[in-house]
Amino acid sequence: MERARQGSHSAVDVLFERYRSWLRSWARGRLPRRARGVVDTSDVVQDTLQRSFAHLASFKSRQAKALRVYLRRAVENRIRDEMRRATFRQGIILPEGSVPASDGSTPQLRQLVDEETWRRYLYALKRLRERDRRLIVGRAELGYNSVQLAFLERLSSPAVARVALRRAVLRLSALMSDE
């Protein structure tokens, strides 16, 4: 390990071979079928190892198993990335660019509230952080579900998107009640 950190190509090759077969067998079956069309498990492992070993000099460990745990986690993260890409390729419709603040032209939400509430909503929405605004507009005005919001905001899961949306709505509610 120390020789690999110092830049020895032969030491990196030895580590690469040692972990490649183990990671391939560990990762087998973890990449869903829908994500296998473009990339397969061997590609994921190969790419992860190359990226990880490129930064080996900065890897600090206290235990012998630390590199193994680090590499396994890196493969897990790469599999999650491929799953997100596959979900996107399968037709989740997302907006182009950033979601602007509401401009009053959204009839669905506007029909549900009176003029005063609509005015407070627009004012409070402009005072929110950009991410909170995108989450609220995406859900309330554009009708995006949690999967789409998670992808749009690059969140790790729909559950995380639901929590982020709930917090954004609480902030919006507080701003609307302050007015």
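User: Leaving aside its neighbours within four places in sequence, which residues is Val44 in contact with?

Analyst: A word on the source comes before the case. This is a predicted model, in which local features need pLDDT of at least 70 and side-chain atom pairs count only at pLDDT 80 or more, while totals for chains, interfaces and linings use all residues. Residues are numbered from 1 along each chain as its sequence is written, and side-chain values use heavy atoms, with hydrogens and water left out. Contact means heavy atoms within 4.5 Å; with neighbours within four places in sequence set aside, Val44 is in contact with Leu31, Val39, Val75, Arg78, Ile79 and Glu82.

User: Why does Val44 count as buried?

Analyst: Buried means under 20% relative accessible area, exposed over 50%, and partly exposed in between, with a 1.4 Å probe and protein chains only. Val44 counts as buried because its relative accessibility is 1%. Ile79, found in helix H4 (residues 66-89), is likewise buried, with a relative accessible area of 7%.

User: How is the packing of two helices described?

Analyst: Two packed helices are described by the angle between their axes and the distance between the axes. Helices (H or I, at least four residues) are DSSP runs, numbered from the N terminus, and axes are lines fitted to C-alpha atoms over the stretch in contact, with angles from 0 to 180 degrees between N-to-C directions. Here the axes of H2 (residues 9-27) and H3 (residues 41-54) come within 10 Å and cross at roughly 145°.

User: Which kinds of residue make up the contact of H2 with H3?

Analyst: Ala, Val, Leu, Ile, Met, Phe, Trp, Tyr, Cys and Pro count as nonpolar, Asp, Glu, Lys and Arg as charged, and the others, Gly among them, as polar. The residues of the contact of H2 with H3 divide into nine nonpolar, four polar and two charged; among them, Leu15, Phe16 and Leu23 lie in H2, and Val45, Leu49 and Phe53 in H3.

User: At what angle do H6 and H7 pack?

Analyst: Helix H6 (residues 115-127) and helix H7 (residues 130-141) pack at about 145°, with their axes 9 Å apart. Tyr121, Leu125 and Lys126 in H6 meet Arg133, Ile136, Val137 and Glu141 in H7, and these residues divide into four nonpolar, no polar and three charged.

Definitions and conventions: Helix = DSSP H or I, 4+ residues; strand = E, 2+ residues; numbered from the N terminus.
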